[in-house]
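Please read them with the structure open.

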Amino acid sequence: MGRVKNSETSGDLAGLLAIVSKFRNYSLTKELIAFGEVGLSGEIRPVPNGLDRITEAAKHGFKRAIVPKANMPKHKIVGIEVVPVSRLAEALEAI
């Protein structure tokens, strides 16, 4: 069985989406990124440098980003669709 070492809370959302997709037998697209801290009650909290993360993801060819609502960019970033979420249930619907 594989292991993932997560050294910062920004990887919480991505890890949970990966786990849920495995249990649902659903593959996440390689063009998707996700980041955000997930609280115990399912709230998605913002992380530092959110805009920089989205901008860099777009530069590297990612087409879709699921991010905390508070990390939503104020302007459109060319080449990437940004989906803001405030609850884990919203993120699961987005995948």
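1. G42 sits in the loop that links β2 (37–38) to β3 (44–45); strands here are DSSP runs of E with at least two residues, and helices are runs of H or I with at least four, both numbered from the N terminus. The model is predicted, so local features need pLDDT of at least 70 and side-chain atom pairs count only at pLDDT 80 or more, while totals for chains, interfaces and linings use all residues. Residues are numbered from 1 along each chain as its sequence is written, and side-chain values use heavy atoms, with hydrogens and water left out.

2. Is G42 buried or exposed? G42 counts as buried, because its relative accessibility is 12%; buried means under 20% relative accessible area, exposed over 50%, and partly exposed in between, with a 1.4 Å probe and protein chains only. Leaving aside residues up to four places away in sequence, G42 touches S86, R87 and L88, where contact means heavy atoms within 4.5 Å. Between G42 and K30 there are 25 Å in space, C-alpha to C-alpha, and the two are 12 residues apart in sequence.

3. E43 is also in the loop between β2 and β3. Its side chain makes a polar contact of 2.3 Å with the side chain of S41, and another of 2.6 Å joins the side chains of E43 and R45. A polar contact is a pair of N or O atoms within 3.5 Å; within protein, one must be able to donate a hydrogen and the other to accept it, and residues adjacent in sequence count only if both atoms are side-chain atoms. With residues up to four places away in sequence not counted, E43 touches E37, V38, S86 and R87.

4. An open sheet is formed by three strands in the order β1-β4-β5, with parallel pairing; two strands pair if DSSP finds at least two bridges between them. β1 (32–34) and β5 (81–85) are at the edges with a single partner strand each, so one side of each has no neighbour in the sheet. Neighbouring strands of this sheet are turned by 20 degrees against each other on average, direction ignored. Axes are lines fitted to C-alpha atoms, for helices over the stretch in contact, and angles run from 0 to 180 degrees between N-to-C directions.

5. Three bridges pair β1 with β4 (residues 64–68) in the parallel sense, and R64 in β4 is the bridge partner of L32. Helix α1 (residues 12–23) lies across β1, β4 and β5, and runs at about 125 degrees to β1.
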